[in-house]
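Reader: I have a model open and would like to talk through how its descriptions are reached. Could you take me through them?

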Amino acid sequence: MIKKNNKKFVKKDFKKGVKPDFNKSSGIFTKKKIGEIGSVPEGKFELMGKVNRIIQTTGPTVFVVSDGTGSLQLKGFAGAGERSYPEIEEEDCVKAKVKLEEFNGEIEGDIVTITKLSDDEHNEFLKVMEQVEKDRARVIPPEFLVEGNVLNKLKNNFIEAATQIRLAVIQDRPIIVRHHNDTDGYSSGFALERAILPLIGKQHSSEKAGWEFFTRAPCAAPFYEIDDSIRDTALSLRNVAKFSNKMPLIIIADNGSSPEDLMAIKQAKIHGADFIIVDHHFFDKDVISENVLVHINPFLVGEDGSKFSAGMLCAELARFINPDVKHVEFIPALAGFADRIDLGDPVIMEKYLEVAKKEGYTKELLSEISLVIDYISAKVRFMEVREYIEVLFGEPRDKQKQLVELLAPHIHALDAKGLMMAKSNAKTEKIGKTNLQLLYFEEFFPGFGFYPKPGRITGMVHDNLQEEKGITSLVSVGVLGTSMTIRATDESNFSVHELIKFLDSEIPDAFVDGGGHKNAGSITFLPNKQKEIVKLTKDFIKGRS
Amino acid sequence: MIKKNNKKFVKKDFKKGVKPDFNKSSGIFTKKKIGEIGSVPEGKFELMGKVNRIIQTTGPTVFVVSDGTGSLQLKGFAGAGERSYPEIEEEDCVKAKVKLEEFNGEIEGDIVTITKLSDDEHNEFLKVMEQVEKDRARVIPPEFLVEGNVLNKLKNNFIEAATQIRLAVIQDRPIIVRHHNDTDGYSSGFALERAILPLIGKQHSSEKAGWEFFTRAPCAAPFYEIDDSIRDTALSLRNVAKFSNKMPLIIIADNGSSPEDLMAIKQAKIHGADFIIVDHHFFDKDVISENVLVHINPFLVGEDGSKFSAGMLCAELARFINPDVKHVEFIPALAGFADRIDLGDPVIMEKYLEVAKKEGYTKELLSEISLVIDYISAKVRFMEVREYIEVLFGEPRDKQKQLVELLAPHIHALDAKGLMMAKSNAKTEKIGKTNLQLLYFEEFFPGFGFYPKPGRITGMVHDNLQEEKGITSLVSVGVLGTSMTIRATDESNFSVHELIKFLDSEIPDAFVDGGGHKNAGSITFLPNKQKEIVKLTKDFIKGRS
Amino acid sequence: MIKKNNKKFVKKDFKKGVKPDFNKSSGIFTKKKIGEIGSVPEGKFELMGKVNRIIQTTGPTVFVVSDGTGSLQLKGFAGAGERSYPEIEEEDCVKAKVKLEEFNGEIEGDIVTITKLSDDEHNEFLKVMEQVEKDRARVIPPEFLVEGNVLNKLKNNFIEAATQIRLAVIQDRPIIVRHHNDTDGYSSGFALERAILPLIGKQHSSEKAGWEFFTRAPCAAPFYEIDDSIRDTALSLRNVAKFSNKMPLIIIADNGSSPEDLMAIKQAKIHGADFIIVDHHFFDKDVISENVLVHINPFLVGEDGSKFSAGMLCAELARFINPDVKHVEFIPALAGFADRIDLGDPVIMEKYLEVAKKEGYTKELLSEISLVIDYISAKVRFMEVREYIEVLFGEPRDKQKQLVELLAPHIHALDAKGLMMAKSNAKTEKIGKTNLQLLYFEEFFPGFGFYPKPGRITGMVHDNLQEEKGITSLVSVGVLGTSMTIRATDESNFSVHELIKFLDSEIPDAFVDGGGHKNAGSITFLPNKQKEIVKLTKDFIKGRS
């Protein structure tokens with residue numbers, strides 16, 4: 001938890017220095033940058049800053065100032081609830097002498113004197129500040145956790161993304177992380193959270209800033225939909241109106257690369273939001289890059305994104321954002337299991353497993369954690385539940401272990417039940433060299449809220465048939481009222497993207513839509529076209545086998 | 001935004017007067033009404049007031065007092081967090097000498113002395129205060145934006161409604177606006193919001209009061225349902241318990257006139273809420289008027305409400321409530337497009353278009369904005385998202401424009417797709433002179449969350465068939481599992497209300513229910529009666545054609 | 001409302017004593033336990049305590065200390081927003097001289113001096129404090145409201161449960177009450193709320209503590225599901241992180257005894273929550289007791305839980321928890337009506353009706369209130385709406401009366417409509433000596449949100465057929481897509497639990513699940529097994545009649 005870390009950070013730092021004597025008025029104010037203060041608060045300082053926000057409390061007036069190296073709350077007291085220094089307004093640049101105080105991990109400055117800068121000083125200060133911000137945001141690229149083509153080719157994108165994220169923190173800009181609602185998505189979101197939250201805590205010298213300036217939440221759909229975008233925009237606009245916040249930097253993880261995300265991104269940009277995308281899903285044409293600050297996706301550099309999970313990308317990115325980030329080393333392997341990278345690129349997976357092992361995470365444990373996260377994500381749906389997610393990701397490790405030991409057997413039993421239900425209702429037929437396994441969910445699925453969900457069940461019967469019957473050329477299709485979910489083996493020579501094109505040309509009035517990876521995805525259609533869609537899918541398989 | 005406006009108002013007013021010297025104790029306290037203070041806070045005042053609320057902060061004790069001309073927060077400081085003047089309790093009337101302060105658009109008074117009034121003074125003061133409140137609430141009727149019978153006949157209702165709303169503001173009573181969840185409903189709610197929020201800001205001399213004392217939210221159904229009523233009541237009771245708030249005045253807009261709203265209104269009244277209704281929907285019998293403070297509906301004065309939208313009524317009402325209301329002139333035309341008043345009463349529509357044009361809103365732009373609001377309302381569902389709605393209604397204008405330019409083409413494409421889906425599944429037959437177009441949504445509708453929704457799709461195929469085939473006597477019926485949605489042309493001699501009566505008498509065990517306008521509405525029935533209902537609908541059309 | 005009560009309590013207590021003179025510094029500090037202070041705050045005291053929480057406000061620093069007899073907020077002021085006594089940290093034990101203050105029903109202490117205890121004093125103090133807490137938590141068992149075997153056999157469980165709940169309050173531990181979402185469940189939850197809230201108010205000398213340290217909310221399902229558990233855990237973990245709260249004591253009422261609740265309980269325990277269960281539902285095997293602090297259920301002592309409602313148990317428990325609890329005497333009879341205890345054990349019901357009558361609640365009124373609560377619970381779903389629920393339970397009585405007078409006739413009309421719908425679609429056949437009444441809801445039920453809900457409708461047609469036709473051996477089954485809801489007469493020799501076993505062995509791939517009482521319950525199955533399930537149910541009835 002950021003709280004604990006932060007506390008330690010401040011306490012420790014305090015012990016390093018000499019305890020300041022706040023009560024004695026020595027008359028000597030040392031000139032300091034705000035960023036230097038956090039670690040050695042020896043009493044009295046003189047500093048300059050831009051006033052970002054003025055908050056009148058029932059006690060003192062609080063001026064939130066920033067000089068590019070950090071933010072600090074300066075308090076002026078002219079009587080309880082009385083506005084002190086009314087001549088100073090938001091956006092002003094000031095020079096102040098302050099005495100420092102600390103409590104509960106926050107450092108604040110008591111104003112002794114505060115004055116506005118002259119116009120010349122003002123302009124000079126802003127120029128310096130901008131340069132300082134750029135310098136601070138600058139990234140020193142670390143070694144990647146493992147070696148690989150994908151990472152090397154994307155290195156510059158990582159640097160640029162990390163720089164932009166660091167700059168947002170430095171400029172007190174709220175950050176929203178929106179991720180796919182599955183284990184890979186949660187791994188992505190959490191790796192970023194773990195890198196960003198401590199930076200925010202440091203920037204504001206405050207434990208609570210993590211709740212004010214950071215949100216992580218799953219998307220409802222496998223896209224960043226217009227609905228998500230409107231919601232993020234609306235809440236941000238409210239925070240601007242109520243709390244003088246800035247419009248956010250939004251990071252979309254394990255989603256965001258496809259044309260389906262475009263409208264949502266453009267919508268939020270109108271209101272002042274900016275975007276960074278970290279995705280590994282396929283897109284036909286890149287319409288996203290020109291609309292966002294940075295776009296990271298293996299397909300952008302000619303690599304196959306289905307062989308590299310978003311959680312891997314985000315864990316590596318986390319280390320660019322925050323060189324001191326802790327406990328993200330096991331996340332790539334965890335995310336890899338969830339997205340079956342072990343099948344797509346066993347070599348990279350093996351490397352990440354090595355890294356995870358050093359942290360005490362075995363293959364078996366990672367697989368179980370991945371399972372539990374999938375289950376919990378289905379339960380919490382769109383709630384953030386930050387502290388609960390922390391436990392799932394090993395903070396603290398002993399509770400993570402207990403949780404996995406309790407829930408994994410439970411989920412295995414649910415999976416076994418789901419598999420049984422599905423198997424007794426699956427129909428398999430041979431089409432050319434390929435086997436097609438059909439599952440009509442309307443016949444047997446118990447309904448909304450049931451775990452495992454149709455996509456997972458389809459994956460399970462798909463794996464199961466290969467294991468039990470040794471079938472290697474297999475397409476499994478779960479059919480629902482207005483959609484189907486698909487898994488295919490390499491040998492089946494299948495392609496979700498090609499099937500979508502085929503269906504769209506053969507039966508345009510089914511209004512087919514969909515996406516995913518080559519061997520795994522889902523397709524929607526109109527309810528009264530279900531039969532024809534299944535028939536055409538068979539034709540499609542026939543044509544490729 | 002109220003925030004900006006408010007700030008300007010205070011700043012400007014301050015500049016008019018001489019900056020008070022709060023530190024110097026001159027000994028002279030001018031007698032003032034609270035309402036006079038806002039504009040000339042020259043230092044020290046003596047005032048009387050009733051104590052509505054006492055809030056103990058961690059700093060001073062805050063006494064919220066009102067004298068009928070306004071509310072003011074008076075602060076007494078007896079040590080941090082210590083209760084000052086413990087002899088003064090809520091409901092007491094007091095005389096106080098105060099020094100004034102201002103910050104962030106709020107004005108507060110520092111108590112120098114404060115004493116309770118004697119019993120005689122108390123009673124005298126309350127009598128004066130009541131009269132002052134009445135005087136302040138009094139409305140000076142403005143000219144209507146356009147001339148028309150409907151408005152003239154309803155003028156007294158407008159005056160009465162505006163007076164009651166102004167009185168609620170003056171008495172620190174929270175106001176809840178609940179409106180129909182479509183463009184006309186949003187137009188209605190927003191016009192009222194724009195009139196009321198600045199009054200609340202002024203009354204409390206506070207930017208934040210707008211969030212405390214005002215809520216606007218759409219209803220889920222085309223009625224103010226018991227569910228809405230229980231929710232509003234429960235939240236209000238909580239605010240009473242936690243914050244000593246009063247029970248609210250609830251304004252229902254573009255809903256509320258029909259017997260279906262009655263139970264909900266009565267439920268909330270038990271707990272102390274009061275109601276004002278502004279609607280234009282048809283009702284068989286007026287059971288509402290006797291249960292509410294004011295009821296506004298063209299049908300009450302013998303006019304056809306389907307020829308005058310609720311947004312028109314509310315925009316006119318807004319000008320009665322607040323003579324300084326800004327930017328509502330284009331709302332009637334906007335709402336008119338949404339509710340197709342251009343078909344019902346082209347003359348009034350033309351007049352309102354003239355008014356809107358002066359504000360720079362062309363017919364085309366209004367039609368596009370109306371479209372975007374319809375789309376966004378489907379997306380935000382029951383969230384308030386006040387600041388986002390402000391953008392949609394042109395605050396600021398440039399973002400409204402960008403949003404419309406981005407979203408309108410997107411929505412047109414969605415509409416085109418919805419229309420195509422529907423057209424390829426529509427069945428048309430001739431019954432006597434009338435054409436009946438049937439759409440079975442279960443066959444082709446992609447499901448919950450899809451835009452356009454069934455009601456809109458039915459409207460689109462209805463319009464489309466008229467345009468493409470030149471059919472003028474047409475009834476279009478979208479059939480769902482337990483309901484149908486209907487659009488009819490004047491020439492078809494249809495009536496939703498008559499059909500409901502007919503079905504109810506022919507097949508009582510279908511438990512038919514429904515409502516709307518003569519030529520547009522929806523009807524519910526039991527699932528196993530769908531076939532018979534469609535057959536009987538054909539009989540009904542036959543009988544009238 | 002706790003607020004009012006609390007206010008009265010403090011005001012009254014103040015009047016008992018002499019108003020303290022806080023301003024005069026007499027130099028004499030009387031040694032006191034915190035718990036003694038509430039009733040006689042005569043100026044200045046010396047006390048010891050453990051620091052549970054330190055809150056830095058924008059004014060003073062607040063130290064929340066406890067000595068086992070109560071909690072008190074001590075304020076130290078070293079300048080606005082400045083941390084006072086930085087040498088004192090959470091978990092320290094301290095000795096303090098304070099001056100007392102009161103406002104709005106809260107009592108706080110102004111620190112004159114405060115020092116840490118020595119190690120020896122510290123250990124000694126904690127030992128005493130633990131003993132004091134135990135002593136304070138000790139329960140003096142009251143007489144039960146009525147005599148009966150069930151209660152006598154469970155007496156020790158009552159004492160143990162009440163002691164644990166009192167201890168949680170004393171230790172500033174939040175309490176969450178989770179109850180079944182029906183009238184019996186609400187009665188159970190509310191009886192506990194009414195007992196616990198005043199204790200929390202007293203413990204913290206604060207009106208607002210009731211919102212901080214207590215939550216009551218219905219469960220979604222007839223179990224305490226893993227979803228509920230994750231939600232409760234996640235919110236509690238957030239409160240721990242943000243507010244230094246403790247993990248909660250969770251009381252499950254009218255749910256919680258069955259194996260279906262086990263996983264959820266274990267999940268929350270991992271994170272530090274503890275449980276008390278008060279239920280009356282049947283379980284095959286008790287797997288709960290060993291996992292909770294206390295388990296109360298008639299079946300644990302060889303009694304039939306279907307003849308004693310959870311509301312009865314909780315109303316009795318409420319009197320153990322808080323000897324001064326008010327207005328719970330009518331709750332057992334109310335809950336009894338809702339769960340038809342009048343049919344199961346008319347004798348106990350008669351006794352509770354006697355008790356209720358003394359409070360002015362007639363049989364008719366109780367039956368109507370029960371009806372209204374059922375209706376409202378369907379409407380508010382999972383919202384807490386504490387203050388609204390208070391009105392339903394007679395605070396104040398006159399509004400309860402008005403609400404019942406308004407809503408009961410409305411609900412009777414809805415019921416009548418629901419009954420009519422169902423009757424015209426019910427099919428009855430004779431199987432051996434037993435009559436089976438089948439209701440296929442898919443044919444006639446208007447859908448989600450409709451009141452009465454399928455379970456209630458099934459109960460109504462079940463009762464109605466007995467009344468109208470004099471049938472005494474009757475099983476009524478409401479059939480939905482993937483579930484059925486069942487009511488049976490004693491004479492039919494039915495058993496929901498036996499039917500579940502039977503179906504599970506006859507058709508395992510229907511994946512049957514379910515629960516309830518012998519004569520009333522519900523069963524789920526896979527959608528494509530509906531026909532076979534109905535056929536097998538007929539076989540089952542045949543085999544037992």
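This is a predicted model: local features need pLDDT of at least 70, side-chain atom pairs count only at pLDDT 80 or more; totals for chains, interfaces and linings use all residues.

Reader: Which residues make the contact between helix 15 and helix 17 of chain C?

Author: From helix 15 of chain C come Asp415(C), Gly418(C), Leu419(C), Ala422(C) and Lys423(C), while helix 17 of chain C brings Arg456(C), Ile457(C), Met460(C), Val461(C), Asn464(C) and Glu468(C). By class, five of the contact residues are nonpolar, two are polar and four are charged.

Reader: Let's go to the chains. What makes Arg238(A) and Glu387(B) a salt bridge?

Author: Their side chains meet at 3.3 Å, N to O. The cut-off is 4 Å between a side-chain nitrogen of Lys or Arg and a carboxyl oxygen of Asp or Glu, so a pair within that distance qualifies. The rule finds two salt bridges across the interface of chain B and chain A, along with five residue pairs in polar contact.

Reader: Which helix gives the most to the side of chain B that touches chain A?

Author: That is helix 15 of chain B, with nine residues. This side of chain B divides into 20 nonpolar, eight polar and 15 charged residues.

Reader: How is the size of an interface often given?

Author: It is often expressed as the accessible area lost when the parts come together. For chain B and chain A, about 3200 Å² is buried, 64% of it on carbon and sulfur atoms. For chain C and chain A the buried area is about 3300 Å², with 64% from carbon and sulfur atoms.

Reader: How do you know that Asp227(C) and Lys379(A) form a salt bridge?

Author: The side chains of Asp227(C) and Lys379(A) are 3.4 Å apart, N to O. With a limit of 4 Å, a Lys nitrogen and an Asp oxygen at that distance therefore count as a salt bridge. Between chain C and chain A the rule finds two salt bridges.

Reader: And which element gives the largest share of the side of chain C that touches chain A?

Author: Helix 7 of chain C does, with eleven residues. The residues on this side of chain C are 13 nonpolar, nine polar and ten charged.

Key:
Residues are numbered from 1 along each chain as its sequence is written. Chains are lettered from A and ligands numbered from 1 in the order in which they are written. Side-chain values use heavy atoms; hydrogens and water are left out. Contact means heavy atoms within 4.5 Å. Helices (H or I, at least four residues) and strands (E, at least two) are DSSP runs, numbered from the N terminus. Ala, Val, Leu, Ile, Met, Phe, Trp, Tyr, Cys and Pro count as nonpolar, Asp, Glu, Lys and Arg as charged, and the others, Gly among them, as polar. Buried area is the accessible area (1.4 Å probe) that two parts lose on being put together, summed over both. A polar contact is a pair of N or O atoms within 3.5 Å; within protein, one must be able to donate a hydrogen and the other to accept it, and residues adjacent in sequence count only if both atoms are side-chain atoms.
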